[in-house]
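Here is a short report for a first look at this structure.

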Amino acid sequence: MVMPFGVSVAVKLLAGVLAAGFIYSVKKPEIRAPFMMVLVVLAAVAPSVSGAHSITTSVAPGTDDGMWNSMQWVKKNTSRDTVVMSWWDFGHLFAVAADRPVTFDGGSQNTPRAYWIGKALTTSNETLSRGILTMLSTSGDLAYETLDNYTDDSGKTAEILTATLGLPREEARAVMTGRYGLSDNEADSVLRYSHPAKPKPFVLVLSSDMLGKAPWWTYFGTWDFKKKTGSRYGYYPSLASSKPQVVNNTTVIQTVNTMVDQNNVLGTIIEKKANTTNATIAVGNNMTVQKINPHRLTIIEGDLLVKNEVVDSDAQLSLIVIGSGNQYTTIIMNRELEDSVFTKLFLMGGFNQTSFKFLHQEPGVLLWTAA
């Protein structure tokens with residue numbers, strides 16, 4: 001920011017000098033031509049300098065201490081060949097702050113990696129997710145590029161790898177040759193990259209900003225190669241909560257999660273009576289509120305999972321409630337995300353899964369690796 005600011009100050013000073021020079025040039029015709037040349041150059045350059053200054057003075061930081069400290073931890077506690085993996089947004093930051101290779105960044109966001117990283121986060125199949133990340137961290141694009149040579153069909157390639165990446169090598173080989181008709185040599189060529197003999201270590205970075213970006217990584221992760229489109233699923237974390245109110249011996253806490261439209265909000269109503277906690281999704285306004293049972297309701301009190309059950313099999317939204325005392329955070333989500341790897345690792349802290357091992361935590365950031 002110092003450079004454009006300094007240049008802008010210099011331009012202002014130069015403008016004053018040139019104004020005086022202009023008056024002098026009128027009296028001295030012999031210096032008028034070169035002086036006018038300077039004015040033309042200045043007229044061309046000044047808008048760019050002014051624009052640069054405006055941009056640099058208005059830019060806010062794109063990261064925070066939690067993310068930076070996480071990368072510093074990676075730098076100090078992992079081997080040099082460890083690959084840092086996440087959605088693409090922070091790829092360049094990871095490379096600089098952690099001094100480690102990354103698999104996805106702003107330069108590769110329009111490649112097949114968008115599909116595979118999105119799928120690794122969206123799928124409920126933990127071994128598939130781990131297999132995808134192992135493939136990408138070790139051999140990059142080589143597995144699906146090699147398989148494309150045999151199928152000549154990216155959709156079929158994705159289908160075969162989805163069916164095999166979560167399996168041990170020999171089982172994957174049997175599926176490739178038996179179900180999909182690859183020759184032994186073709187299967188072995190793919191397996192060299194999809195199931196590497198010496199996989200590189202990786203760190204999976206999951207952060208709070210990814211909640212808001214879920215419609216993008218789910219869109220690519222659910223890509224339908226025949227329809228040429230994907231599905232957008234989202235998380236709606238609580239934005240604010242109301243003060244607890246006691247109604248008929250029941251403590252009621254309401255949260256606002258997102259705006260449905262100008263007149264209605266999507267929120268949560270939490271009801272605590274004695275040792276029982278229940279929650280419903282609420283849609284409405286100050287006048288009327290409609291209670292909607294979630295597809296799955298998960299309630300965590302302190303460090304205890306007190307409820308994790310399907311409430312309404314027809315509902316399209318699920319709900320996670322995380323509470324400590326009367327302070328609650330709620331996350332409403334599309335039901336398709338309730339068992340996703342992202343939900344399991346970031347929101348549920350890895351509960352009831354064995355494919356990933358927790359490494360480190362900073363505010364808003366969790367680091368995982370293959371178990």
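Which residues in H9 meet which residues in H10? From H9 come Arg169, Ala172, Arg173, Met176 and Thr177. Their partners in H10 are Asp184, Ala187, Asp188, Val190, Leu191, Arg192 and Ser194. By type, the residues of this contact are five nonpolar, two polar and five charged.

The model is predicted. In it, H9 spans residues 169-178 and H10 spans residues 184-194. Their axes come within 10 Å and cross at roughly 140°. Angles over 145 degrees would count as roughly antiparallel. H9 and H10 are therefore oblique to each other. Their crossing is right-handed.

Now the whole chain. The protein has 13 helices and 15 strands. It has 371 residues, and 42% of them count as buried. Take the contacts between residues at least 6 apart in sequence: 47% of these join residues at least 24 apart.

| Core | Residues in core | Members named |
|---|---|---|
| Largest nonpolar core | 54 residues | Including Trp116, Leu206, Trp217 and Tyr235 |
| Second, separate core | 13 residues | Including Phe90, Leu93, Ala98 and Val205 |

In the largest core, Trp116, Leu206, Trp217 and Tyr235 touch the most other members. Helix H5, residues 113-122, gives this core its largest share, six residues.

What does Trp217 touch, leaving out residues up to four places away in sequence? The list is Trp87, Gly118, Leu121, Thr122, Met210, Tyr235, Leu337 and Phe342.

Terms used. Residues numbered from 1 in each chain as written. Predicted model: local features only at pLDDT ≥ 70, side-chain atom pairs only at ≥ 80, totals over all residues. Heavy atoms only, no water. Core = buried A, V, L, I, M, F, W, Y, C linked by side-chain atoms within 4.5 Å. Buried < 20%, exposed > 50% of the residue type's maximum accessible area, 1.4 Å probe, protein only. Helix = DSSP H or I, 4+ residues; strand = E, 2+ residues; numbered from the N terminus. Contact = heavy atoms within 4.5 Å. Axes fitted to C-alpha atoms, helices over the stretch in contact; angles between N-to-C directions. Parallel < 35°, antiparallel > 145°, perpendicular 65-115°, else oblique. Left-handed = near helix turned anticlockwise from the far one by under 90°. Nonpolar A, V, L, I, M, F, W, Y, C, P; charged D, E, K, R; others polar.
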